[in-house]
Amino acid sequence: MIPLAGLFAVAFVAATILPAQSEAALVGLQLAGYPVVLLIVVATLGNTLGAVVNWALGRGVERFRDRRWFPVSAAALDRASGWYSRWGRWSLLLSWAPVGGDALTVAAGVLREPLWSFLLLVTIAKAGRYCALAAITLGLL
């Protein structure tokens with residue numbers, strides 16, 4: 001259970017302001033023989049909940065935007081807000097991306113995306129990334 005808690009924690013942190021590599025943890029545990037479906041569920045849950053932290057920061061961006069610890073630069077937030085304004089909530093399907101994905105989740109909060117649709121789309125995106133990674137590790141892709 002401790003390795004699964006570690007995967008959850010690193011996946012959560014990877015979606016927030018701190019740098020972390022949840023992909024390496026998932027692959028390592030997969031190669032160690034842990035059930036693939038369980039790993040995908042745990043990593044997806046942690047990474048999605050971490051994205052909710054970004055969404056919440058976005059909701060209060062006016063208070064926090066200029067703080068040094070804020071997870072997204074002003075330029076990245078403006079760029080993500082532009083994408084989000086152009087493509088709407090569907091841009092959250094790119095929230096899995098290592099570059100710009102976190103900014104999209106913050107922009108969703110800034111632009112007041114409802115939590116239910118945010119959770120649905122981000123969960124699909126995050127689960128898709130972990131499924132693809134697991135399939136690559138199994139040699140299926």
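Contact means heavy atoms within 4.5 Å. The model is predicted: local features need pLDDT of at least 70 and side-chain atom pairs count only at pLDDT 80 or more, whereas totals for chains, interfaces and linings use all residues. Residues are numbered from 1 along each chain as its sequence is written, and side-chain values use heavy atoms, with hydrogens and water left out.

**View A. Val 52 and its contacts.** Val 52 lies in helix α3 (residues 36–59); helices are DSSP runs of H or I with at least four residues, numbered from the N terminus. Leaving aside residues up to four places away in sequence, Val 52 touches Phe 118 and Leu 119.

**View B. Helix α1 against helix α2.** Helix α1 (residues 2–14) and α2 have axes 8 Å apart and pack at an angle of about 160°. Axes are lines fitted to C-alpha atoms, for helices over the stretch in contact, and angles run from 0 to 180 degrees between N-to-C directions. The angle makes α1 roughly antiparallel to α2; under 35 degrees counts as roughly parallel, over 145 as roughly antiparallel, 65 to 115 as roughly perpendicular and the rest as oblique. The crossing of α1 and α2 is left-handed, a term for a near helix turned anticlockwise from the far one by less than a right angle, with clockwise giving right-handed. From α1, Pro 3, Leu 7, Val 10, Ala 11 and Ala 14 meet Ser 22, Ala 25, Leu 26 and Leu 29 of α2. This contact of α1 with α2 has 8 nonpolar residues, 1 polar and no charged. Ala, Val, Leu, Ile, Met, Phe, Trp, Tyr, Cys and Pro count as nonpolar, Asp, Glu, Lys and Arg as charged, and the others, Gly among them, as polar.

**View C. Helix α2 against helix α7.** The axes of α2 (residues 22–31) and α7 (residues 115–137) come within 10 Å and cross at roughly 45°. That angle makes α2 oblique to α7. The crossing of α2 and α7 is right-handed. Residues of α2 in the contact include Glu 23, Leu 26 and Gln 30, and those of α7 include Arg 129, Tyr 130 and Leu 133. By class, the contact of α2 with α7 comprises 6 nonpolar, 3 polar and 2 charged residues.

**View D. Helix α5 against helix α6.** Helix α5 (residues 74–87) packs on α6 at an angle of about 70°, with their axes 8 Å apart. This makes α5 roughly perpendicular to α6. The crossing of α5 and α6 is right-handed. Among the residues that meet are Trp 83 and Tyr 84 in α5 and Leu 104 and Val 106 in α6. The contact of α5 with α6 has 11 nonpolar residues, 1 polar and no charged.

**View E. The largest pocket.** The largest pocket has a volume of about 350 Å³. Its lining has 19 residues, of which Ala 14, Ala 20, Glu 23, Pro 98 and Arg 129 are the closest to its centre. On a 1 Å grid over the protein atoms alone, where a 1.4 Å probe fits, a pocket is an open set of points with protein on both sides within 12 Å along at least five of seven lines, and lining residues have an atom within 4 Å of a point.

Conventions: Helix = DSSP H or I, 4+ residues; strand = E, 2+ residues; numbered from the N terminus. Points joined across faces, edges and corners; volume = space filled by probe spheres on them.
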